Amino acid sequence: MYTNEDGQEVQPLAGMYETAFAFYDSLTDEQREALYQSEHVSNLQCAPGGTCDYSTGTGLTVQT
C-alpha cells in the first residue's frame, strides 16, 4: 500500500488478495486440509534468482 500524489491510499493488489481470501474462506475444513497434503511443505526452499522447490500436495478438483 502507498499514498499517491493526491493523498489517496492505493493498494495495487487489493482485488487479488480479497478474491483469494474469499475463496479460501469459502472452503470446508476438508478442502482446506487437501490443499496442504504434502510431505514436503516444511521443506519449502526458494532463493532469490534461483529455482523454487514447491510441493504440490493433492490439490482440489474445481468444476466451473
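Where is the place of tyrosine 17?

Tutor: Tyrosine 17 has its place in helix α1, residues 14-26; helices (H or I, at least four residues) and strands (E, at least two) are DSSP runs, numbered from the N terminus. This is a predicted model, in which local features need pLDDT of at least 70, side-chain atom pairs count only at pLDDT 80 or more, and totals for chains, interfaces and linings use all residues. Residues are numbered from 1 along each chain as its sequence is written, and side-chain values use heavy atoms, with hydrogens and water left out.

Tyrosine 17 counts as partly exposed because its relative accessibility is 45%; buried means under 20% relative accessible area, exposed over 50%, and partly exposed in between (1.4 Å probe, protein chains only). Together with Leu13, Met16 and Phe21, Tyr17 makes a nonpolar surface patch of about 440 Å². Accessible areas come from the Shrake-Rupley method with a 1.4 Å probe, and for residues only the protein chains shown count as cover.

In the loop between β2 (9-10) and α1 lies proline 12. Proline 12 is exposed because its relative accessible area is 59%. The C-alpha atoms of proline 12 and tyrosine 2 are 8.8 Å apart in space, and these two residues are ten apart in sequence.

Helix α2 (residues 29-35) holds arginine 32, which is partly exposed with a relative accessible area of 23%. Its contacts (heavy atoms within 4.5 Å), apart from neighbours within four places in sequence, are with Tyr24, Asp25 and Leu27. Towards aspartate 25, the side chain of arginine 32 reaches the backbone oxygen at 3.4 Å.

As for the chain as a whole, two helices and four strands are present, in the order β-β-α-α-β-β from the N terminus on. Of its 64 residues, 5% count as buried. The accessible surface of the chain comes to about 5900 Å², and carbon and sulfur atoms account for 51% of that surface. Among contacts in the chain with a separation of 6 or more, 21% involve residues 24 or more positions apart.

Key
Patches are made of residues with over 30% relative accessible area and no salt bridge: like charges are joined within 9 Å, nonpolar side chains (Val, Leu, Ile, Met, Phe, Trp, Tyr) within 5 Å. A salt bridge is a side-chain nitrogen of Lys or Arg within 4 Å of a carboxyl oxygen of Asp or Glu. A polar contact is a pair of N or O atoms within 3.5 Å; within protein, one must be able to donate a hydrogen and the other to accept it, and residues adjacent in sequence count only if both atoms are side-chain atoms.
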